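Hi there,

Here is the structure I promised to pass along.

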Amino acid sequence: MSIDPRSHTPVYVQLADLLRDQIESGELPPGARIGSEARLSQEYGIGRDAVRMAISVLRSEGLVTSSRGHPTQVRPRPERRLVEVPSGCTISTRMPNSNERRQMDMDEGVPVLEVRYPDGKKQTFPGDEVELISP
């Protein structure tokens, strides 16, 4: 797949789609480096701003991790643990606030699952680490 600068789809969206396809197909496995902004810019013939925006899209989707001074990598899929939720609970999903993200050591783009028990108690779980089951 190549990037078409004449397309109505912005080039950063095209690059994000291309990289997402490579991640989902396993061509870029967990832990693999995506490549530097300079390399991706040269390889696909697009500006570094477009590369930055594409990586930002993938980070917001929880597919990659990046931080200053470290290469962008495909985010490993965490092991899931089962959490039993009794009947009568309500479960909702939302994006975490910055404090929750720090407390649970979560990457950007990962939602939380909020479980409200009939007695009013509330528990919050990282959405990519738990699987909720009902007895």
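R94 and E100 make a salt bridge, with their closest N and O atoms 2.7 Å apart; the term stands for a side-chain nitrogen of Lys or Arg within 4 Å of a carboxyl oxygen of Asp or Glu. R94 is partly exposed at 27% relative accessibility, whereas E100 is buried at 13%. (Buried means under 20% relative accessible area, exposed over 50%, and partly exposed in between, with a 1.4 Å probe and protein chains only.)

Before you read on, please keep in mind that this is a predicted model: local features need pLDDT of at least 70, side-chain atom pairs count only at pLDDT 80 or more, and totals for chains, interfaces and linings use all residues. Residues are numbered from 1 along each chain as its sequence is written, and side-chain values use heavy atoms, with hydrogens and water left out.

How many salt bridges are there? The count comes to 12. One of them joins the side chains of E61 and R20, at 2.8 Å from N to O. E61 sits in the loop between α3 (48-60) and β1 (64-67) and R20 in helix α1 (residues 11-25), so this pair ties together parts that are 41 residues apart in sequence. Helices (H or I, at least four residues) and strands (E, at least two) are DSSP runs, numbered from the N terminus. E61 is partly exposed at 35% relative accessibility, while R20 is buried at 16%.

Another salt bridge links E37 and R52, whose closest N and O atoms are 3.1 Å apart. Because E37 lies in helix α2 (residues 37-44) and R52 in helix α3, the pair ties together parts 15 residues apart in sequence. Here E37 is partly exposed, with a relative accessible area of 22%, and R52 is partly exposed as well, at 39%.

Helix α2 also holds S41, which is buried at 13% relative accessibility. What does the side chain of S41 meet? A polar atom of that side chain lies 2.4 Å from the backbone oxygen of I46. Leaving aside residues up to four places away in sequence, S41 touches I46, G47, R48 and V51, where contact means heavy atoms within 4.5 Å.

Best wishes

Conventions
Polar contact = N/O pair within 3.5 Å; in protein donor to acceptor, adjacent residues only side chain to side chain.
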